[in-house]
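This report goes through one protein model, moving from the whole chain to single residues. Please keep the sequence and the 3D view at hand while reading.

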Amino acid sequence: MFGPLIDTITTKSTFRAFRHRNFAIVEGAGWLAGAGVWFYRIGLGVFAWELTKSGFWLGVIAIAEAGPGILISPIAGALADRHNRLVMARVVQAAMMFVTALLAIMTFAGLVDIWILTAFAFLHGICAGYWTPVRMSLAPNLVPREDLSAAIATHSILFNLGRTLGPALVAPILVLWGVGAVFAINAAFNLIFSLALFGVKMINPDRKAEAGRSMRSHLVEGLRYTATHPVIKYLFLNMIFASLLLRAYMELLPGLSETVFGFDPGQGVPILVSAAGVGAIFASLLIGNLKRPIALLNAYFFSVFGSLLSLSLFVSTSNFWFAVFCAVLLSTAQVGVNISGQVVVQSSVRGDLRGRVMSLWGLLNRSGPALGALFIGGLSSFWGFTWPMLAGVGISAVIALFVFSRRDAMRLAVIEQERLTRDSLLNR
């Protein structure tokens with residue numbers, strides 16, 4: 001009775017990547033870690049707002065947490081190309097567990113002020129700077145190439161399911177046990193994930209980067225490849241401005257909730273983050289069913305302009321529940337941009353450069369919004385949150401139109417890469 005349904009799920013749907021054991025282990029345990037990320041991030045933002053009531057300090061905390069990745073992520077990407085990515089993953093998850101566990105202990109003891117909180121955000125950011133390129137370069141090593149888009153979309157679905165359910169649990173935990181409990185739960189989830197990684201093997205390893213060369217030469221090679229690739233360079237150009245100016249709103253939600261929407265941050269932020277998680281799951285389900293790179297590129301452009309429109313609506317309203325609706329639309333579009341763009345990059349990049357290129361992608365994803373939050377949070381002291389964010393939409397729209405004007409050349413390059421990949425598989 002259920003045979004055809006199960007066969008469809010495991011062979012044709014977005015979730016077909018789950019038929020691969022190692023991917024299933026990583027994503028199953030990683031789901032807890034993904035939920036824990038949102039426990040930590042919401043706790044960090046709410047705690048910082050409670051301590052300072054300052055949009056500027058929200059930006060400082062965001063940059064302290066994401067800033068180390070600016071220097072560390074490219075180096076970590078080069079290391080991921082040269083060494084065993086699974087070993088790196090195990091070590092980094094254990095380090096993240098230690099940092100958040102110590103933060104939880106000190107929070108329970110009442111020893112944390114805004115400066116100490118900033119220091120812990122910086123330490124966690126160092127760990128995250130190593131983790132992001134490892135995580136992003138590991139997925140293609142766990143599944144065959146034909147299931148890559150499904151693997152990335154499935155990861156996004158589970159991560160954003162954690163983003164939906166995690167914040168829903170954070171609000172009562174904050175009320176009943178305080179922010180220290182939120183940090184402690186995050187540490188426990190990191191521990192579970194770290195242990196689960198010992199049961200994983202890579203089934204589709206990339207060719208390692210050339211040995212005997214300096215770290216500098218490896219980094220320069222990755223930057224040059226990214227800047228000259230006929231498709232990747234435009235996706236990165238758009239990502240730079242989108243990350244800085246369109247995605248900073250997530251870091252500023254405590255301030256937006258209270259000053260723009262008139263809603264208590266302890267209640268409003270979890271609701272808004274959960275709404276964004278719903279939109280992200282919806283986008284993941286849609287994009288995960290696209291297999292051909294050309295279809296993914298078309299979805300990318302559609303999502304880019306959707307994010308511009310939905311963010312404009314989000315920051316222009318003072319009605320909290322309309323903002324929640326806009327958050328669903330905004331997250332749908334932004335996650336659509338991220339997944340479709342990431343799959344096109346992963347499908348186009350050389351295997352021995354994957355870690356370095358994806359470290360730059362992860363760097364923009366992680367550090368870009370934090371830098372944007374620091375800038376917009378600082379301007380909010382003079383002009384509020386709305387006008388600086390709308391100005392960011394305008395600048396990003398100009399860049400998006402430029403990239404869109406290059407769509408024909410990008411499509412031809414994607415079609416050629418698809419042909420080369422198909423020929424390579426047939427000749428094996």
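Among the contacts in the protein chain with a separation of 6 or more, 86% are accounted for by residues 24 or more positions apart, where contact means heavy atoms within 4.5 Å. The model is a predicted one, in which local features need pLDDT of at least 70 and side-chain atom pairs count only at pLDDT 80 or more, while totals for chains, interfaces and linings use all residues. Residues are numbered from 1 along each chain as its sequence is written, and side-chain values use heavy atoms, with hydrogens and water left out.

The protein chain has 17 helices and 0 strands; both are DSSP runs numbered from the N terminus, with helices (H or I) of at least four residues and strands (E) of at least two. Of the 428 residues in the protein chain, 58% are buried, a class that means under 20% relative accessible area, with exposed meaning over 50% and partly exposed the range in between (1.4 Å probe, protein chains only). Carbon and sulfur atoms hold 70% of the accessible surface of the protein chain, which comes to about 17,500 Å²; accessible areas come from the Shrake-Rupley method with a 1.4 Å probe, and for residues only the protein chains shown count as cover.

**Helix packing**

Two packed helices are described by the angle between their axes and the distance between the axes. In this model, the axes of helix H10 (residues 232-246) and helix H15 (residues 354-383) come within 6 Å and cross at roughly 30°, the axes being lines fitted to C-alpha atoms, for helices over the stretch in contact, with angles that run from 0 to 180 degrees between N-to-C directions. H10 and H15 are therefore roughly parallel to each other, since angles under 35 degrees count as roughly parallel, over 145 as roughly antiparallel, 65 to 115 as roughly perpendicular and the rest as oblique. The residues of H10 that meet H15 include Leu-235, Phe-236, Met-239 and Ile-240, and their partners in H15 include Val-357, Leu-360, Trp-361 and Gly-368.

**Salt bridges**

Side chains of opposite charge can pair when their charged atoms come close. A search of the whole structure finds 2 salt bridges, each defined as a side-chain nitrogen of Lys or Arg within 4 Å of a carboxyl oxygen of Asp or Glu.

| Salt bridge | N to O distance |
|---|---|
| Lys-53 and Glu-258 | 3.8 Å |
| Asp-408 and Arg-411 | 4.0 Å |

The side chains of Lys-53 and Glu-258 meet in one of these salt bridges. Lys-53 lies in the loop between helix H2 (21-52) and helix H3 (55-66) and Glu-258 in helix H11 (residues 253-260), so the pair ties together parts that are 205 residues apart in sequence. Glu-258 is partly exposed, at a relative accessible area of 32%, and Lys-53 has a positive phi of about 55° although it is not a glycine.

Asp-408 and Arg-411, by contrast, are 3 residues apart in helix H17 (residues 407-426), so about one helical turn separates them. Asp-408 counts as exposed at 52% relative accessibility, whereas Arg-411 is partly exposed at 26%.

**Buried residues in helices**

Asn-190 is placed in helix H8 (residues 179-196) and counts as buried at 3% relative accessibility. Not counting residues up to four places away in sequence, Asn-190 touches Ala-33, Gln-93, Met-96, Met-97 and Thr-100.

Met-88, in helix H5 (residues 85-108), is buried as well, at 13% relative accessibility. Leaving aside neighbours within four places in sequence, Met-88 is in contact with Ala-76, Leu-79, Ala-80 and Val-134. Met-88 and Arg-135 are 47 residues apart in sequence and 9.7 Å apart in space, C-alpha to C-alpha.

Val-343 is found in helix H14 (residues 320-348) and is buried at 2% relative accessibility. Although 193 residues separate Val-343 from Ala-150 in sequence, their C-alpha atoms are 9.4 Å apart in space.

**A nonpolar surface patch**

Leu-309, Leu-313, Phe-322, Phe-325 and Leu-329 form a nonpolar patch on the surface, with about 460 Å² of accessible area together. The elements that give two or more residues to the patch are helix H13 (293-316) and H14, and H14 supplies the largest share, 3 residues. Patches are made of residues with over 30% relative accessible area and no salt bridge, like charges being joined within 9 Å and nonpolar side chains (Val, Leu, Ile, Met, Phe, Trp, Tyr) within 5 Å. Phe-322, which is found in helix H14, is partly exposed, with a relative accessible area of 34%.
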